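Here is a short report for a reader meeting this structure for the first time. Have the sequence and the model at hand as you read.

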Amino acid sequence: MRTFGTQGPVNSKENYVVSRTEEIADFVDRVKKGKYIVLFAPRQTGKTTFFRAAMDALIAKEYFPIQLNFEPYIDLTPTTFYGYLLKEIYEKIESVFRTRGTELPENLKHLLTGVELIDHVSMRNFFRQLADFLPYKIVLVIDEFDAIPPDAVRGFLHSLRYIYLDNSDFRCPYSVGIVGVKNITQLNYDRSISPFNIQDEFHLPNFTLAQVGELLEQYTNEVGQAFAPEVIAAIHKQTAGQPFLVNRCAQILTEELGVPKNEPITMAHFSKAHTQLLEEQNLNTEYLLTNIRRDPRFESLLMRIISYERGVRFNIDNEIINELVTYGVITKSANRMCKIANPIYQHHIQQNIKPLPSKPQVRIRDTLLH
């Protein structure tokens with residue numbers, strides 16, 4: 001039996017997974033147009049899971065996706081970074097050939113073992129040669145891009161921009177996806193020259209109510225235990241569709257409360273699961289609170305946002321607001337004000353930061369379910 005995944009990327013063999021059909025189609029369409037795409041979003045929002053599914057879709061459509069992860073390279077020198085980068089590219093190219101049921105051609109193997117990467121210029125020359133050996137449009141997707149060594153980021157982005165401006169169907173890589181937490185503008189490089197002003201920003205939203213229903217329906221179809229419609233709506237409302245929180249709530253309901261499988265999951269069960277979510281420490285809330293504590297200015301702004309008096313106007317150009325959005329703490333409300341990303345986060349914020357002087361606090365637990 002599959003489970004609701006809360007530890008790292010999920011897969012459809014072991015976990016219930018939201019299909020993200022429309023989002024994947026949008027991403028593939030941008031790849032077809034040769035876009036260089038950036039996605040920067042908080043951790044535990046399903047980025048890696050999404051791009052794994054997107055890679056499968058690209059292989060099916062006769063593209064050649066190479067998915068890399070820069071997380072292991074964070075403390076390397078640029079020269080060492082490029083050396084390991086070549087090894088990872090070699091491994092991923094072999095993996096795609098295996099997925100297609102074919103062997104790595106000898107001439108391509110000779111290129112991959114004979115070339116040397118030492119900097120961004122040699123990388124650009126390598127990609128030019130690689131295009132001659134692969135009869136597919138190459139798509140490079142880089143996860144955890146923020147971990148690129150600081151001394152390498154500027155040259156690396158300049159080379160991608162140089163390749164992009166070639167503007168031909170034969171450029172390599174034809175399309176690039178950059179995935180991370182920090183925005184490119186927050187990375188450490190000389191901002192007197194913009195090395196990557198050609199990106200097409202891609203937004204991966206939280207789960208919609210329909211997608212939460214889709215996720216839970218997979219469990220019902222497999223196990224036979226139904227969720228009351230109001231439970232599905234309550235999960236979406238209290239989590240705002242945040243993928244980790246949705247899966248964690250479902251995990252509590254189906255695995256930890258001991259609800260008999262021949263009984264439906266009701267609002268009474270949800271109330272218990274909701275209380276547990278508010279009181280427990282998990283990886284997601286630890287990440288939330290760690291990021292809030294990064295800067296003492298965050299505390300003051302967050303208390304103004306939740307004071308329910310004047311609030312704070314949303315302005316993405318404001319450095320503090322921008323960082324809190326980056327970490328998934330706040331978002332923009334329908335009336336263009338700042339709001340906490342979801343009620344569960346709001347509860348944890350109120351429990352862990354000091355209130356403003358003489359500002360009465362709203363009892364969050366009394367209002368969450370109304």
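## The second largest pocket

The lining of the second largest pocket divides into 20 nonpolar, 15 polar and three charged residues. This is a predicted model. The pocket's volume is about 960 Å³. Its lining counts 38 residues, and F40, A41, P42, H203 and V325 lie nearest the centre.

Which elements each supply at least two residues of this lining? They include two strands, β1 (36–40) and β6 (330–332). Two helices also do so, α11 (283–292) and α13 (319–326).

## The largest pocket

The largest pocket has a volume of about 1200 Å³. Its lining is made of 47 residues. Nearest its centre lie P9, T48, T49, F50 and R52. By class, 20 lining residues are nonpolar, 18 are polar and nine are charged.

Which element gives the most to this lining? Helix α2 does, with nine residues. At least two residues each come from α2 (47–60), β2 (63–69), α3 (78–99) and α9 (243–256).

## The sheet

Five strands form an open sheet. Their order is β2-β3-β4-β1-β5, and the pairing is parallel. β2 and β5 (200–201) stand at the edges. Each has a single partner strand, so one side of each is left without a neighbour in the sheet. In general, strands of a sheet pair through backbone hydrogen bonds.

Follow the pairs across the sheet. Strand β3 (residues 137–143) is joined to β4 by four bridges. There, I142 stands opposite I178 in β4. Five bridges join β1 to β4, and L39 faces V179 in β4. On to β5: β1 pairs with β5 over two bridges, in the parallel sense. V38 stands opposite E201 in β5.

## Strand β4

Is strand β4 buried or exposed? Six of its six residues (175–180) are buried, so β4 is largely enclosed by the rest of the structure. S175, G177 and V179 point one way from the strand. V176, I178 and G180 point the other way. The residues on both sides are buried.

## Nonpolar cores

The largest nonpolar core has 53 residues. Those with the most contacts inside it are I235, L302, I305, V329, I330 and I349. Helix α9 brings the largest share of this core, seven residues. In soluble globular proteins, nonpolar side chains tend to be buried together.

Take I305 as one example from the largest core. What does I305 contact, leaving aside its neighbours within four places in sequence? Its partners are V312, I330, C338, K339 and I340. One of them, I330, is also among the core residues with the most contacts.

## Helix α11

Helix α11 supplies at least two residues of the lining of the second largest pocket. Seven of the 10 residues of α11 are buried, so the helix is largely enclosed by the rest of the structure. The buried residues are N284, T285, Y287, L288, L289, N291 and I292.

What covers these buried residues of α11? The cover includes α9, α12 (296–305) and α14 (343–352).

How values were computed: Residues numbered from 1 in each chain as written. Predicted model: local features only at pLDDT ≥ 70, side-chain atom pairs only at ≥ 80, totals over all residues. Heavy atoms only, no water. 1 Å grid on protein atoms, 1.4 Å probe; cavity = no way out; pocket = protein on both sides within 12 Å on 5 of 7 lines; lining within 4 Å. Points joined across faces, edges and corners; volume = space filled by probe spheres on them. Nonpolar A, V, L, I, M, F, W, Y, C, P; charged D, E, K, R; others polar. Core = buried A, V, L, I, M, F, W, Y, C linked by side-chain atoms within 4.5 Å. Buried < 20%, exposed > 50% of the residue type's maximum accessible area, 1.4 Å probe, protein only. Contact = heavy atoms within 4.5 Å. Pairing = 2+ DSSP bridges.
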